[in-house]
Amino acid sequence: MPRPIQAAIHTDALRHNLARMRQAAPDARVWAIVKADAYGHGIERAFEGLRGADGFALLDLHEAERVRALGWRGPILLLEGAFEARDLELCSRLSLWHVVHCQEQIDMLAVHKTHTPHRVFLKLNSGMNRLGFAPHRFRAAWARLDALPQVDEISLVTHFSDADTPRGVADALRVFGQATSDLPGERSLANSAAVLRHGHDAAVRADWIRPGIAVYGSAPDFPQHDAAHWQLEPTMTLASRVIGLQQLAVGDTVGYGSSFTADAPMRVGIVACGYADGYPRLCPTGTPVLVNGLRTRTVGRVSMDMIAVDLAPVPEAGIGSEVTLWGRAASGAVLPIDEVASAASTVGYELMCALAPRVPVVVA
Ligand SMILES: *Cc1c(COP(=O)(O)O)cnc(C)c1O
């Protein structure tokens with residue numbers, strides 16, 4: 001028997017979450033963001049659940065080739081655009097739309113030889129200060145692109161720094177409005193947090209929304225809101241089994257560094273899951289976990305291949321009992337990935353993306 005750890009990707013949940021985002025922005029088209037191998041889910045595995053999107057957005061050119069290989073003929077957007085001149089040849093060959101965020105990318109386009117002019121998404125830096133043209137340089141960039149025979153249609157795009165925080169999107173929205181007011185073209189601004197928290201504003205929804213994390217069932221603004229609040233369902237379950245049992249007496253410790261000490265007699269289950277599977281090593285004693293669908297906690301340090309869990313709330317548990325590290329148990333009980341991420345001082349995004357290659361994955 002293989003080691004009993006397994007991840008499952010839930011096609012129905014992907015479909016549900018995508019529909020949820022459409023419902024939040026009914027007048028917009030939807031890019032399903034599938035960068036980072038569909039947030040660790042695997043592009044091929046997530047595709048069936050996401051094929052109802054209007055387009056796929058990503059940033060790795062190999063991932064664009066994989067989406068085309070799945071038979072997708074609709075729009076694909078490269079969120080960081082071309083990294084070097086020859087990337088534009090792939091854009092021409094596979095009809096990829098691409099972001100243009102700097103002068104150098106316009107220079108590359110100006111010398112690119114193509115029979116079919118490209119659709120580009122000109123990016124404004126609205127305050128994130130990562131990629132994009134500063135507001136006072138935006139119009140000149142637009143005019144330069146507009147004059148190129150290699151360019152067909154110009155759309156306008158920006159990315160919010162604070163859609164998930166109390167600071168919000170008002171400043172960025174004003175900057176975007178001022179920089180683009182009399183320019184033609186479709187617009188795309190909103191990530192998951194912007195759609196859910198600010199999607200009541202039509203200027204935020206615009207023509208295309210770009211949800212990632214919400215499609216994968218994680219709340220972009222946890223712990224202020226959880227996935228259930230936003231009616232999102234987990235799309236990834238990490239599950240394993242109890243492979244060992246220990247009976248602790250008062251004063252006994254568990255794991256490396258003896259970081260947990262029993263203050264009463266207790267039964268502990270040893271689970272086949274560790275940081276080499278992508279379970280965060282920083283999860284402290286008390287991180288929530290489900291055993292047979294019932295909520296309990298980890299005890300002691302996470303090691304490479306194992307963690308220990310408190311079996312007090314699950315007296316009938318034994319070797320082989322089901323353990324849900326995050327996602328959905330067989331009983332239907334849910335452990336939100338955001339709770340585990342938060343225990344490790346990180347976000348659901350990071351846990352999904354860090355699912356280790358050694359974990360077998362099934363589509364369920
Ligand atoms: C990753 C990304 C998104 C999706 O963000 P979420 O927070 O996962 O919804 C949208 N737009 C751009 C440019 C991105 O890089």
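**Figure 1. Helix α4 and its surroundings.** Helix α4 is followed by G71, whose phi is positive, near 95°. Helices here are DSSP runs of H or I with at least four residues, strands are runs of E with at least two, and both are numbered from the N terminus. The model is predicted: local features need pLDDT of at least 70, side-chain atom pairs count only at pLDDT 80 or more, and totals for chains, interfaces and linings use all residues. Residue numbers start from 1 along each chain as its sequence is written, and side-chain values use heavy atoms, with hydrogens and water left out.

Helix α4 covers residues 61-69, and its buried residues are L61, E63, A64, V67 and R68. Buried means under 20% relative accessible area, exposed means over 50%, and partly exposed lies in between (1.4 Å probe, protein chains only).

What do the buried residues of α4 pack against? Their partners are α2 (35-39), α3 (43-50), β3 (55-58), β4 (76-78) and α5 (87-94). Contact means heavy atoms within 4.5 Å. At the start of α4, a side-chain oxygen of D60 comes to within 2.9 Å of the backbone nitrogen of H62.

**Figure 2. L94 of helix α5.** L94 is found in helix α5. L94 counts as buried because its relative accessibility is 16%. L94 is in contact with E65 and R68, leaving aside neighbours within four places in sequence. The C-alpha atoms of L94 and A64 are separated by 8.4 Å, although the two residues are 30 residues apart along the chain.

**Figure 3. Packing of helices α6 and α7.** Two packed helices are described by the angle between their axes and the distance between the axes. Helix α6 (residues 103-110) and helix α7 (residues 135-146) pack at about 10°, with their axes 10 Å apart. That angle makes α6 roughly parallel to α7. Angles under 35 degrees count as roughly parallel, over 145 as roughly antiparallel, 65 to 115 as roughly perpendicular, and the rest as oblique. Axes are lines fitted to C-alpha atoms, for helices over the stretch in contact, and angles run from 0 to 180 degrees between N-to-C directions.

Which residues make the contact? Helix α6 supplies Q103, I106, D107 and L109, and helix α7 supplies A141, R144 and L145. The residues of this contact divide into 4 nonpolar, 1 polar and 2 charged. Ala, Val, Leu, Ile, Met, Phe, Trp, Tyr, Cys and Pro count as nonpolar, Asp, Glu, Lys and Arg as charged, and the others, Gly among them, as polar.

**Figure 4. D310 in strand β16.** D310 lies in strand β16 (residues 307-310). Is D310 buried or exposed? D310 counts as buried, at 8% relative accessibility. The D310 side chain makes a polar contact with the side chain of R297 (2.9 Å). A polar contact is a pair of N or O atoms within 3.5 Å; within protein, one must be able to donate a hydrogen and the other to accept it, and residues adjacent in sequence count only if both atoms are side-chain atoms. Not counting residues up to four places away in sequence, D310 touches M266, R267, T296, R297 and V299.

**Figure 5. D252 in the loop between β10 and β11.** D252 is found in this loop, between β10 and β11. Its relative accessible area is 31%, so D252 is partly exposed. The D252 side chain reaches the backbone nitrogen of A249 at 2.8 Å. D252 also touches Q247, F260, T261 and A262, not counting residues up to four places away in sequence. D252 and D263 are 11 residues apart in sequence and 8.3 Å apart in space, C-alpha to C-alpha.

Figure 6. The peptide bond from F222 to P223 is cis, with omega near 5°. P223 lies in the loop between β9 (208-209) and β10 (236-248). D37 is not a glycine, yet has a positive phi of about 50°. D37 is found in helix α2 and counts as partly exposed at 25% relative accessibility. S258, also not a glycine, has a positive phi of about 50°. S258 is found in the loop between β11 (253-254) and β12 (260-261). At 38% relative accessibility, S258 counts as partly exposed.
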